[in-house]
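Work through the following exercises with the model open beside the text.

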Amino acid sequence: PQKGTLDRLRVAEADGRIDAERRQGLEEAFRLLWQIRLEHQVGQVERGETPDDFVDPATLGPIARLGLKEAFRIVTNEQQMLAAEFNMRL
(Lines give C-alpha, C1' and ligand atoms only; values in the text may rest on other atoms or scores of the structure.)
Protein backbone atom coordinates (compact mmCIF):
# COMPACT_ATOMS: atom_id res chain seq x y z
CA PRO A 1 0.00 0.00 0.00
CA GLN A 2 3.00 2.35 0.32
CA LYS A 3 3.25 4.77 -2.60
CA GLY A 4 6.79 6.12 -2.22
CA THR A 5 9.70 4.02 -3.38
CA LEU A 6 11.72 4.56 -0.22
CA ASP A 7 8.73 3.67 1.94
CA ARG A 8 8.18 0.47 -0.05
CA LEU A 9 11.83 -0.49 0.39
CA ARG A 10 11.58 0.02 4.16
CA VAL A 11 8.42 -2.08 4.34
CA ALA A 12 10.12 -4.81 2.30
CA GLU A 13 12.96 -4.84 4.82
CA ALA A 14 10.58 -4.81 7.80
CA ASP A 15 8.66 -7.74 6.29
CA GLY A 16 11.91 -9.67 5.79
CA ARG A 17 11.74 -9.61 1.99
CA ILE A 18 15.12 -7.90 1.72
CA ASP A 19 17.91 -7.39 4.21
CA ALA A 20 19.15 -4.03 5.48
CA GLU A 21 22.19 -3.99 3.19
CA ARG A 22 20.12 -4.56 0.06
CA ARG A 23 17.59 -1.92 1.15
CA GLN A 24 20.35 0.58 1.81
CA GLY A 25 21.97 -0.07 -1.58
CA LEU A 26 18.66 0.33 -3.37
CA GLU A 27 17.88 3.52 -1.45
CA GLU A 28 21.25 5.02 -2.33
CA ALA A 29 20.86 4.02 -5.97
CA PHE A 30 17.37 5.54 -6.06
CA ARG A 31 18.53 8.80 -4.48
CA LEU A 32 21.48 9.12 -6.84
CA LEU A 33 19.38 8.44 -9.94
CA TRP A 34 16.72 10.88 -8.71
CA GLN A 35 19.36 13.56 -8.06
CA ILE A 36 20.97 13.16 -11.49
CA ARG A 37 17.56 13.29 -13.18
CA LEU A 38 16.46 16.34 -11.18
CA GLU A 39 19.69 18.25 -11.86
CA HIS A 40 19.33 17.43 -15.56
CA GLN A 41 15.76 18.73 -15.62
CA VAL A 42 16.61 21.90 -13.66
CA GLY A 43 19.32 22.64 -16.23
CA GLN A 44 16.81 22.16 -19.03
CA VAL A 45 14.30 24.51 -17.42
CA GLU A 46 17.01 27.11 -16.87
CA ARG A 47 17.89 26.90 -20.59
CA GLY A 48 14.22 27.23 -21.56
CA GLU A 49 13.96 23.62 -22.72
CA THR A 50 11.20 21.14 -22.05
CA PRO A 51 12.36 18.79 -19.28
CA ASP A 52 12.79 15.13 -20.14
CA ASP A 53 14.21 12.03 -18.49
CA PHE A 54 17.10 11.39 -20.89
CA VAL A 55 20.44 12.05 -19.25
CA ASP A 56 23.43 11.55 -21.51
CA PRO A 57 26.12 10.02 -19.26
CA ALA A 58 28.75 11.83 -21.32
CA THR A 59 27.47 15.10 -19.82
CA LEU A 60 28.24 13.91 -16.29
CA GLY A 61 31.51 14.22 -14.45
CA PRO A 62 33.65 11.14 -13.83
CA ILE A 63 32.47 10.59 -10.25
CA ALA A 64 28.80 10.93 -11.22
CA ARG A 65 29.34 8.44 -14.07
CA LEU A 66 30.90 5.95 -11.65
CA GLY A 67 27.99 6.41 -9.28
CA LEU A 68 25.55 5.94 -12.14
CA LYS A 69 27.25 2.69 -13.16
CA GLU A 70 27.15 1.42 -9.59
CA ALA A 71 23.48 2.38 -9.20
CA PHE A 72 22.61 0.48 -12.37
CA ARG A 73 24.67 -2.50 -11.16
CA ILE A 74 22.72 -2.59 -7.88
CA VAL A 75 19.36 -2.35 -9.67
CA THR A 76 20.36 -5.01 -12.22
CA ASN A 77 21.42 -7.40 -9.45
CA GLU A 78 18.11 -6.93 -7.68
CA GLN A 79 16.17 -7.46 -10.91
CA GLN A 80 18.08 -10.68 -11.54
CA MET A 81 17.40 -11.91 -8.00
CA LEU A 82 13.68 -11.16 -8.38
CA ALA A 83 13.56 -12.84 -11.77
CA ALA A 84 15.18 -15.96 -10.30
CA GLU A 85 12.83 -15.92 -7.30
CA PHE A 86 9.76 -15.72 -9.53
CA ASN A 87 11.19 -18.00 -12.21
CA MET A 88 11.14 -15.26 -14.87
CA ARG A 89 13.53 -14.29 -17.64
CA LEU A 90 14.83 -10.75 -18.08
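A nonpolar core is a set of buried Ala, Val, Leu, Ile, Met, Phe, Trp, Tyr and Cys residues joined through side-chain atoms within 4.5 Å, where buried means under 20% relative accessible area, exposed over 50% and partly exposed in between (1.4 Å probe, protein chains only). The model is predicted, with local features needing pLDDT of at least 70, side-chain atom pairs counting only at pLDDT 80 or more, and totals for chains, interfaces and linings using all residues. Residues are numbered from 1 along each chain as its sequence is written, and side-chain values use heavy atoms, with hydrogens and water left out.

**Exercise 1. Find which residues form the largest nonpolar core, and which helix gives the most to this core.**

Step 1. The largest nonpolar core has 8 residues, namely Leu6, Leu9, Ala12, Ile18, Leu26, Ala29, Ala71 and Ile74.

Step 2. Helices here are DSSP runs (H or I, at least four residues), numbered from the N terminus; H1 (5-14), H2 and H3 each supply at least two residues of this core, and H1 gives the most, with 3 residues.

**Exercise 2. Describe helix H3 and what its buried residues pack against.**

Step 1. H3 spans residues 62-85, and its 24 residues reach 35 Å from the first C-alpha to the last, close to the 34 Å expected (1.5 Å times one less than the number of residues).

Step 2. Leu68, Ala71, Ile74, Glu78 and Ala83 are buried in H3, and the buried residues of this helix pack against H2 (20-46).

Step 3. Leaving aside neighbours within four places in sequence, Ala71 is in contact (heavy atoms within 4.5 Å) with Ala29, Leu32 and Leu33.

**Exercise 3. Determine whether Arg23 is buried or exposed, and which side chain it joins by a polar contact.**

Step 1. Arg23, which lies in H2, is buried because its relative accessible area is 17%.

Step 2. The side chains of Arg23 and Glu13 are joined by a polar contact of 2.3 Å; such a contact is a pair of N or O atoms within 3.5 Å, and within protein one must be able to donate a hydrogen and the other to accept it, while residues adjacent in sequence count only if both atoms are side-chain atoms.

Step 3. Beyond neighbours within four places in sequence, the contacts of Arg23 are Leu9, Arg10, Glu13 and Ile18.
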